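Please read the following report alongside the sequence and the model.

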Amino acid sequence: MIDMDFRAWDSEQKRMGRLINWNTDGEVLLFDNGFTWKSITPDIATIMQFIGLCDKCGVKIYQGDVIKYNHIDTAGDIWIVDFYKGEFVLRQNFWKISIRSLMFKNNLEVIGDIYRNPELINTEKGGRNNV
């Protein structure tokens with residue numbers, strides 16, 4: 001059974017926290033930033049779901065994470081966890097790999113996320129890596 005776990009990015013405070021609860025009317029989110037509980041409104045919060053897998057170090061993988069994964073057919077090893085056509089995928093340029101096909105891989109590594117570590121998805125020349 002998949003652990004239904006969520007986290008939220010607070011775009012005002014520029015902090016990530018574990019999502020504890022949210023109102024049924026969607027007005028207020030309660031979120032734990034590791035030390036305290038804070039109420040934030042949905043317009044400043046981005047919610048990301050745990051995808052049901054952990055990386056090779058046991059770190060939970062969430063939507064929006066940046067993953068290091070060496071796939072033989074692609075140009076690089078940096079991927080973004082995304083939701084596409086009803087399933088979680090690793091996305092890079094035009095490549096998409098279903099998370100279902102990676103369930104038994106032990107070489108995925110969370111190296112950051114798109115909010116706290118945007119430099120991970122930029123090329124050395126300062127351009128976008130299209131991941």
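How many bridges join strand β5 (residues 45-54) to β6? Two bridges join these strands, which run antiparallel, and within this pairing Cys54 stands opposite Lys60 of β6. The model is predicted, so that local features need pLDDT of at least 70 and side-chain atom pairs count only at pLDDT 80 or more, whereas totals for chains, interfaces and linings use all residues. Residues are numbered from 1 along each chain as its sequence is written, and side-chain values use heavy atoms, with hydrogens and water left out.

**The sheet**

Strands here are DSSP runs of type E with at least two residues, numbered from the N terminus, and two strands are taken to pair if DSSP finds at least two bridges between them. On these terms six strands form an open sheet in the order β4-β3-β2-β1-β5-β6, with antiparallel pairing. Because β4 and β6 (60-62) stand at the edges with a single partner strand each, one side of each is left without a neighbour in the sheet. The twist from one strand to the next averages 45°, where axes are lines fitted to C-alpha atoms and angles run from 0 to 180 degrees between N-to-C directions.

Strand β3 (residues 29-32) is joined by four bridges to the antiparallel strand β2 (residues 15-22), and Phe31 of β3 is the bridge partner of Leu19. Four bridges also join β3 to strand β4 (residues 37-40), again antiparallel, and there Leu29 stands opposite Ile40. In a regular strand the side chains alternate between the two faces of the sheet. In β3, Leu29 and Phe31 make up the covered face, while Leu30 and Asp32 make up the uncovered one.

**Charged pairs**

A search of the whole structure finds seven salt bridges, each defined as a side-chain nitrogen of Lys or Arg within 4 Å of a carboxyl oxygen of Asp or Glu. Three of them are listed here.

| Salt bridge | Closest N and O atoms |
|---|---|
| Arg18 and Asp5 | 3.4 Å |
| Asp5 and Lys60 | 2.9 Å |
| Asp82 and Arg91 | 2.8 Å |

Asp5 forms a salt bridge with Lys60, and this pair links distant parts of the chain, with Asp5 in the segment before β1 and Lys60 in strand β6, 55 residues apart. Asp5 is buried, with a relative accessible area of 6%, buried meaning under 20%, exposed over 50% and partly exposed in between (1.4 Å probe, protein chains only). Arg18 counts as partly exposed at 47% relative accessibility, as does Lys60 at 29%. Salt bridges that share partners join Asp5, Arg18 and Lys60 into one network.
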